[in-house]
Amino acid sequence: QISLAAETDMAILQDLIVSVRNLRAELKVEPREKVPAQIFAADSGVRSLMQQNQTAIERLANVGSLQFSETSLAKLPSTRSTARFDVHVVYEKKIDVAAERDRLKKELEKFDKEIASLNRQLNNTEFVAKAPAQVVDKMRKRHEELQVLRDKARSKLDELDGKQ
């Protein structure tokens, strides 16, 4: 005979594991990566249930470490709250600096080429004289926009290179 208390306990643990798995999916955490999680349970019975089953929770939810909080976690980002607990997955996505640097360099090259092309056209007095005014105007606006984009990409690249 299965006791109602045991069924309730299992439901709470399942709910916790599903919550952590859903948070991991939302945060796009790599499947092999174990991330830390924090749990807040106001009810001491729920808290001790989770502490007694900590190893199983860590394994099934693919959590590196489980910390218990004394205060509610509901206001933190990447948190799930239920009537019995709050669970917060601690995850900072690490960027691949080399890949990001390459992407920014390619972006800068693209901006530079387009700016150079626009400069050639806009500095050609014959073209500017013959082209419709709205075309020239559109090109000037695009030129300004590209310079802003290029400056942003340049400062991100400098940030990655530590030139702050």
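Predicted model: local features only at pLDDT ≥ 70, side-chain atom pairs only at ≥ 80, totals over all residues.

Modeller: Residues are numbered from 1 along each chain as its sequence is written, and side-chain values use heavy atoms, with hydrogens and water left out.

Colleague: What makes H1 roughly perpendicular to H2?

Modeller: The axes of H1 (residues 4-26) and H2 (residues 44-52) come within 11 Å and cross at roughly 70°. Roughly perpendicular covers 65 to 115 degrees, against under 35 for roughly parallel, over 145 for roughly antiparallel and oblique for the rest; H1 is therefore roughly perpendicular to H2. Axes are lines fitted to C-alpha atoms, for helices over the stretch in contact, and angles run from 0 to 180 degrees between N-to-C directions. Helices (H or I, at least four residues) and strands (E, at least two) are DSSP runs, numbered from the N terminus.

Colleague: Which residues make the contact of H1 with H2, and how do they divide by class?

Modeller: Asp9, Ile12, Leu13 and Leu16 of H1 meet Val46, Leu49 and Met50 of H2, where contact means heavy atoms within 4.5 Å. By class there are six nonpolar, no polar and one charged residues. Ala, Val, Leu, Ile, Met, Phe, Trp, Tyr, Cys and Pro count as nonpolar, Asp, Glu, Lys and Arg as charged, and the others, Gly among them, as polar.

Colleague: Why are H4 and H6 called roughly antiparallel?

Modeller: H4 (residues 97-122) and H6 (residues 133-160) pack at an angle of about 155°, with their axes 9 Å apart. That angle falls in the roughly antiparallel class, so the term applies to H4 and H6. Their contact comprises 14 nonpolar, four polar and eleven charged residues.

Colleague: Why are S2 and S3 called edge strands, and what is the strand order?

Modeller: The open sheet has four strands in the order S2-S1-S4-S3, with mixed pairing. S2 (63-68) and S3 (79-81) each have a single partner strand, so one side of each lacks a neighbour in the sheet.

Colleague: What makes Glu114 and Arg142 a salt bridge?

Modeller: The definition asks for a side-chain nitrogen of Lys or Arg within 4 Å of a carboxyl oxygen of Asp or Glu. For Glu114 and Arg142 the N to O distance is 2.8 Å, and the pair is a salt bridge. Glu114 lies in H4 and Arg142 in H6, so the pair ties together parts 28 residues apart in sequence. The structure holds ten salt bridges.

Notes: Pairing = 2+ DSSP bridges.
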